[in-house]
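Have the viewer open and follow along.

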Amino acid sequence: MEPTVDDYLSHQLDVSKISLAELREARQGAFVHCLERILDELDRPQDPVAGFTSAI
Amino acid sequence: MVTSAPPSLPLPSEWPLGESPLDITPAGWRPTPFHDFVVKLHSRCDLACDYCYMYELADRSWRGRTAFMPDEVVDLATRRIAEHARDHRLSTIRVILHGGEPLLAPPATLQRVVSTLRAALSSGTAAQFTVQTNGTRLTEQRLRLLSAAGLRVGVSVDGGRVANDRHRRHLGGRSSFPAVDRALRLLREQPDLFAGILSVIDLRNDPVETYETLLAYQPPALDFLLPHGNWSEPPPGRPPDASTRYGEWLVAVFDRWYDAPRRETRLRLFEEIVVGVLGGHSRSEQIGLSPVGVIVIDVDGSLEQVDTLRSAYEGAPATGLTVADHPLDAALRHPAVIARQIGAKALAPACLDCSVHPVCGGGYYPHRYRKGSGFRNPSVYCADLRYLIDHIAGRVQADVARVMRQRA
């Protein structure tokens, strides 16, 4: 049987009801950059693969 | 990691090579075009790193290959890349000049790749060029030439002198650290040219000290790589049990990175996991379920899958295709390429039963190999990845919960 969204929720967090400003207040640094990337990619989807473990 | 066992050929029944593309693709599925093109300019290296997947693991096919990419292959390769970009209307592509050690190739060869490809690409496609080097030949003059050609530089180094020289030595045992340290100092002064650092984990190295040593070179990006291995040839310090030494090593670095008051560098593995637990999509082939869009063009024009697969068995990256005879689209129909583009459909049943699989994506594909069954297995690093992802999810969850409490 294919996994459902419910199966994923235990490790994927819903932050859709929180503003970025609120999250920024909670923590600066790497966390905020990751959130900004997610928001950025909602508007401008990126190529599915940017990495190659033998190159950076 | 070093193996002297005779190379084994793939068994026809090993997944996915025994499969028909029609049998493993969902109805209506369309391939993802290649966006990352790894062009191998030189098949030899001036280091003899004992964990190297090119020269020290299962695949010994490099011995029969020409040393460097001839101009006619450069021209064919760039023509095929441009054709692929045009046919799929790609707005951006990435070209990674690789080896062996790509700086063993004459500077004119590197410039030829960039100039012929830029000339062949249509105006709607932008190309980013990077060279991934061991750094030992990166002088000020060489850096000027790379800069003039429009190339950014990624460097492979494992930490400070002791950490680096555990594995990354010249043939005969001489240290490579003074030369790579000099290269990294040069790049620190020219941040526009610095693409980042790749570092292979050795459990004997202190994790935070290793991170901070590398951070001192101010790389814009950094990634820690798990040593290659699989269920049949286990990585060092990774017995087939529930131990999590690699996970613990990575957690120590994660906490140091995540708790810094500002982002000190992009740390690719961690960033992909944080994005994954927040429901975003991975942009790395190393982790997550995103379709892999990487193709390798070897020095002789062979089209190959990622060459870290060499750690599995002799000829594992081969597709049987060449730039002389085949468009790159032909590789999109290869079962092994398809297997890396169908997300959860390629995972083992044990992975599908695990709640973490949308984040880990089953782990890095070469690490799933087991002789006899192929690549439809959990990663040999499954316990470590689970430990790391649980920790990261917990840290992120705590931050989100704090916001919710403040709101209440």
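Let's start in the loop between β2 and α3 of chain B, where B:Gly99 sits; helices here are DSSP runs of H or I with at least four residues, strands are runs of E with at least two, and both are numbered from the N terminus. B:Gly99 is buried, at a relative accessible area of 2%. Buried means under 20% relative accessible area, exposed means over 50%, and partly exposed is in between, using a 1.4 Å probe and protein chains only. In space, B:Gly99 lies 5.7 Å from B:Leu41, C-alpha to C-alpha, even though 58 residues separate the two in sequence.

A word on conventions: this is a predicted model, so local features need pLDDT of at least 70 and side-chain atom pairs count only at pLDDT 80 or more, while totals for chains, interfaces and linings use all residues. Residues are numbered from 1 along each chain as its sequence is written, chains are lettered from A and ligands numbered from 1 in the order in which they are written, and side-chain values use heavy atoms, with hydrogens and water left out.

B:Gly100 sits in the loop between β2 (92-98) and α3 (107-120) of chain B. There's also a cis bond joining B:Trp15 and B:Pro16, with omega about 5°, and B:Pro16 belongs to the segment before α1 (21-24) of chain B.

Two non-glycine residues carry a positive phi. B:Arg89 has one of about 50°, in the loop between α2 (71-87) and β2 of chain B. B:Gln218 has phi near 55° and is found in the loop between α7 and β6 of chain B. As for cover, B:Arg89 is exposed, with a relative accessible area of 78%, and B:Gln218 counts as exposed at 54%.

| Helix | Residues | End-to-end C-alpha distance | Expected span |
|---|---|---|---|
| α8(B) | 245-258 (14 residues) | 20 Å | 20 Å |

The expected span is 1.5 Å times one less than the number of residues.

Among the buried residues of α8(B) are B:Trp249, B:Leu250, B:Val253, B:Phe254 and B:Trp257. The buried residues of α8(B) pack against α3 (30-43) of chain A, along with α7 (207-215), β6 (221-225), β7 (266-267), α9 (268-277) and α14 (382-407) of chain B. Contact here means heavy atoms within 4.5 Å.

Over in α6(B), the buried set includes B:Phe177, B:Val180, B:Asp181, B:Leu184 and B:Leu187. Their packing partners are α4 (140-149), β4 (151-156), α5 (161-165) and β5 (194-200) of chain B.

**The whole chain**

Stepping back, chain B has 14 helices and 10 strands. Its radius of gyration is 21 Å, close to the 22 Å that the globule rule gives for 408 residues, so chain B is as compact as a globular protein of that length. That radius is taken over C-alpha atoms, and the rule is 2.2 Å times the number of residues to the power 0.38. Along the principal axes, the C-alpha atoms of chain B fill a box of roughly 65 × 50 × 50 Å.

Of the 408 residues of chain B, 59% count as buried. Take the contacts in chain B between residues at least 6 apart in sequence: 74% of them join residues at least 24 apart.
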